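Work through the exercises below with the model at hand. Each task is followed by a solution in steps.

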Amino acid sequence: MRINATPAAFADAAFFVSGTGTDVGKSVATAALLRALRQAGLAAQAVKPVQTGVEDAARQGDAALYAQAVADLPAAALAPAATLHSFRLPASPHLAAAREGRCLSVAGLRRDILAHWQAETAPLSGEGAACALLLEGAGGVCVPLNEREDTLDLMAALAVPVLLVARNGLGALNAARLTLDAVRDRGLVMAGFVLVQPPETDNEGERLVLADNERTLRNWLDDLGAPLAVLPWVELDAGGWDRLAQAVRPVAQALLALLRTPAVGPDALIRRDTKVLWHPYTSTVAPLPVFVAERSRRNRLVLRGGKELIDGMSSWWAAIHGYNHPRLLAALRAQAGRMPHVMFGGLTHAPAVELAERLLEMLPRGLARVFPADSGSVSVEVAMKMALQYQQGTGQRQRTRFLTPRGGYHGDTTGAMSVCDPVNGMHGLFARFLPQQLFMERPACRFDQPFDPASLDDARRMLAAHGHEVAAVILEPVVQGAGGMWFYHPDYLRGLARLCREAGALLIFDEIATGFGRTGRLFAAEWADVTPDILCCGKALTGGVLTLAATVCTDEVAGGICRDGQAFMHGPTFMGNPLACAVALASLRLLEEENWRERVIALEDALRRGLAPCRALPGVADVRVLGGIGVVETVDPVPVARLQAFFVDQGVWIRPFARLIYLMPPYVTPEADVERLCAAVCEAVRQGLHLPA
């Protein structure tokens with residue numbers, strides 16, 4: 001049996017007791033479990049993180065009840081009980097704390113619980129003592145801890161198995177089912193359920209209700225593989241506590257089984273990963289290191305073992321609202337209950353229609369038709385096929401090539417690879433296989449410098465020489481992303497749009513990385529007030545919850561493609577997936593309601609201040625910031641594994657590549673966390689960790 005003596009092993013020996021409401025018998029159930037675990041030889045302790053409605057927690061609170069339940073047992077290695085925070089007002093923790101001028105938080109309570117448990121078990125380290133911690137919440141699972149967080153948030157942050165308690169009676173099943181669903185929706189493990197019986201009754205109808213409740217609840221729990229314990233109504237004396245400990249034994253045995261289960265630590269999972277998986281842009285022979293992510297919340301990633309990381313990447317720029325946003329998860333669950341998927345050929349559905357309508361309201365004026373796609377790369381393929389089919393439909397069959405600036409990146413599928421940078425990009429291995437496209441010099445005019453009209457000279461030259469064979473010009477507006485995080489002047493787009501019109505070529509904007517506010521405009525095209533013929537968007541479209549993208553074109557493009565009864569020849573199996581569309585619609589509504597613009601401006605200010613010290617450090621070629629993007633460009637390619645390990649040690653998640661250490665935090669990231677991200681980058685560069693080994 002494992003001993004829990006460090007915060008890293010915290011989740012291995014802790015359990016959270018909550019209930020279907022207030023006064024359902026949680027404290028008695030917790031005390032009975034404490035007695036049963038101690039009778040089984042464990043140094044168990046019951047802790048009340050927050051107690052309300054008491055003047056003296058030690059004498060009047062639930063800790064006194066826990067101690068009473070084991071008072072006649074031999075002394076154990078741990079004290080039987082503890083209370084971490086107590087308040088006088090008999091109300092929710094939020095209200096009771098506020099009444100005394102205090103504010104509770106999930107992060108603070110988690111730290112307090114961990115610190116308490118480490119202090120309690122540290123003296124036992126190496127003694128072979130088996131320890132278990134029972135944490136009893138205040139009230140039900142949705143009781144507020146502050147204005148934004150509740151007990152469920154604390155349970156999710158602790159990520160420990162859950163024990164639920166309900167009082168048997170009329171209405172108990174409804175409360176039990178709702179609570180079970182709430183716990184499962186957070187991905188928490190159900191360790192067991194305790195049903196507390198009321199005093200015995202002679203009323204036959206009441207007895208039928210009680211028996212049926214128990215039978216129905218047992219059936220539900222059998223489906224979940226969780227045990228049910230039924231506690232009788234007894235006097236709380238020595239004999240009564242023994243009866244309760246005996247009654248709760250099925251749940252206690254389940255806890256003991258969890259404690260005896262060998263822990264699957266991060267190292268073991270990584271070894272299994274290495275045998276069967278292949279991660280992006282890495283070798284199977286000498287793979288880059290990976291870390292085991294266990295949970296996510298807001299702007300945090302939680303690794304297996306409990307280490308929290310401030311996320312600086314928005315999961316490759318997609319999770320703009322942070323993680324586990326309740327509105328996005330609610331949209332996902334609601335749509336899953338109605339219709340997870342249906343083919344889009346010959347059928348339609350409200351999520352797709354409403355998403356397209358909302359998207360067109362947000363996009364540059366003139367775009368009119370939305371073609372849902374599976375991913376960003378696929379949306380680029382769709383855009384290129386649209387351009388080719390449009391030119392064919394309008395009699396320009398010789399226009400079969402694409403012109404694009406060097407330094408661009410558009411995805412890893414075949415067509416998308418063909419318009420990525422052919423020299424410095426990541427697809428040189430496939431050069432002979434890919435269609436041969438046309439490349440012009442990347443825009444040389446920096447975003448933060450006066451526009452130089454000469455930066456369009458190469459585009460002008462290429463269109464003069466090859467305009468007759470160009471179907472479309474494709475580029476990332478204002479920000480070249482994975483190709484180098486280069487920010488260029490919006491006037492370049494204005495000039496290029498004129499050149500495309502003169503040459504008869506379509507203009508495609510790849511806004512997969514820049515769309516939905518990342519540059520400080522809803523779409524980067526707005527910096528130049530240019531509407532392209534075709535626009536691709538993805539990544540942040542669903543707030544990072546599911547894969548979905550869209551290719552959007554003008555009526556003119558759609559009409560050219562469909563001339564003479566023609567149809568556009570593309571149709572993915574999961575096109576217009578209702579789950580993804582429902583979440584995307586919720587994400588777009590969040591953008592409009594939660595003042596994304598102010599948040600991105602605040603991000604930009606914090607990134608500018610935080611990364612500025614890197615300018616003067618050796619090996620740094622440039623530091624640049626735009627909107628919610630902060631970049632430190634180095635002279636030489638960075639050692640990714642070494643930097644990654646340093647960043648994780650610093651408590652941040654930053655994934656550098658090539659010559660770039662960059663940040664794209666979720667919009668909800670607090671200023672203090674942006675400062676920590678920037679400080680970690682500056683410290684890494686100050687220590688020379690970005691320099692070649």
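**Exercise 1. Describe the salt bridge of Arg300 and Glu308, and then the setting of these residues**.

Step 1. A salt bridge, meaning a side-chain nitrogen of Lys or Arg within 4 Å of a carboxyl oxygen of Asp or Glu, joins the side chains of Arg300 and Glu308, with 3.4 Å from N to O. The model is predicted, and local features need pLDDT of at least 70, side-chain atom pairs count only at pLDDT 80 or more, while totals for chains, interfaces and linings use all residues. Residues are numbered from 1 along each chain as its sequence is written, and side-chain values use heavy atoms, with hydrogens and water left out.

Step 2. Arg300 has a relative accessible area of 18% and is therefore buried. The classes are buried for under 20% relative accessible area, exposed for over 50%, and partly exposed in between, with a 1.4 Å probe and protein chains only.

Step 3. Glu308 also forms a salt bridge with Arg297, at 2.7 Å from N to O. That pair links distant parts of the chain, since Arg297 is in strand β8 and Glu308 in strand β10, 11 residues apart. Helices (H or I, at least four residues) and strands (E, at least two) are DSSP runs, numbered from the N terminus.

**Exercise 2. Which residues are linked in a network of salt bridges, and how is Arg446 placed in terms of accessibility?**

Step 1. The whole structure holds 32 salt bridges.

Step 2. The network links Arg446, Asp448, Asp622, Arg624, Glu633 and Arg659. Within it, the side chains of Asp448 and Arg446 meet at 3.0 Å, N to O.

Step 3. Arg446 counts as partly exposed because its relative accessible area is 24%.

**Exercise 3. Describe the second largest pocket by volume, lining and residue class**.

Step 1. On a 1 Å grid over the protein atoms alone, a pocket is an open set of points with protein on both sides within 12 Å along at least five of seven lines, whereas a cavity is a set where a 1.4 Å probe fits but cannot get out; lining residues have an atom within 4 Å of a point. Grid points are joined across faces, edges and corners, and a volume is the space filled by probe spheres set on the points.

Step 2. Its lining has 44 residues, and those nearest the centre are Val106, Glu149, Asp153, Arg297 and Arg298.

Step 3. Elements that supply at least two lining residues include α5 (106–121), β8 (293–297), β10 (308–311) and α23 (671–686). The largest share, five residues, is from α5.

Step 4. By class, the lining has 18 charged, 16 nonpolar and 10 polar residues. Here Ala, Val, Leu, Ile, Met, Phe, Trp, Tyr, Cys and Pro count as nonpolar, Asp, Glu, Lys and Arg as charged, and the others, Gly among them, as polar.

**Exercise 4. Where does UniProt place the feature "binding site", and are Ser27 and Asp62 buried or exposed?**

Step 1. The unreviewed UniProt entry places this feature at Ser27, Asp62 and Glu136. They are spread over 110 residues of sequence but cluster in space, with a largest C-alpha distance of 9.2 Å. UniProt positions follow the numbering used here, feature names are shortened, and annotations may be inferred rather than shown by experiment.

Step 2. Ser27 lies in helix α1 (residues 26–39), and Asp62 in helix α3 (residues 62–69).

Step 3. Ser27 is buried because its relative accessible area is 12%. Asp62, at 15%, is buried as well.

Step 4. Contact means heavy atoms within 4.5 Å. Leaving aside neighbours within four places in sequence, Ser27 is in contact with Lys48, Asp62, Leu65, Tyr66 and Glu136. Under that exclusion, Asp62 touches Ser27, Lys48, Gln51 and Glu136.

**Exercise 5. What is the volume of the largest cavity, and which element gives the largest share of its lining?**

Step 1. There are three cavities of 30 Å³ or more, and the largest has a volume of about 60 Å³.

Step 2. Its lining includes Phe16, Pro49, Glu136 and Leu154. The largest share, three residues, comes from β4.

Step 3. The lining divides into eight nonpolar, two polar and one charged residues.
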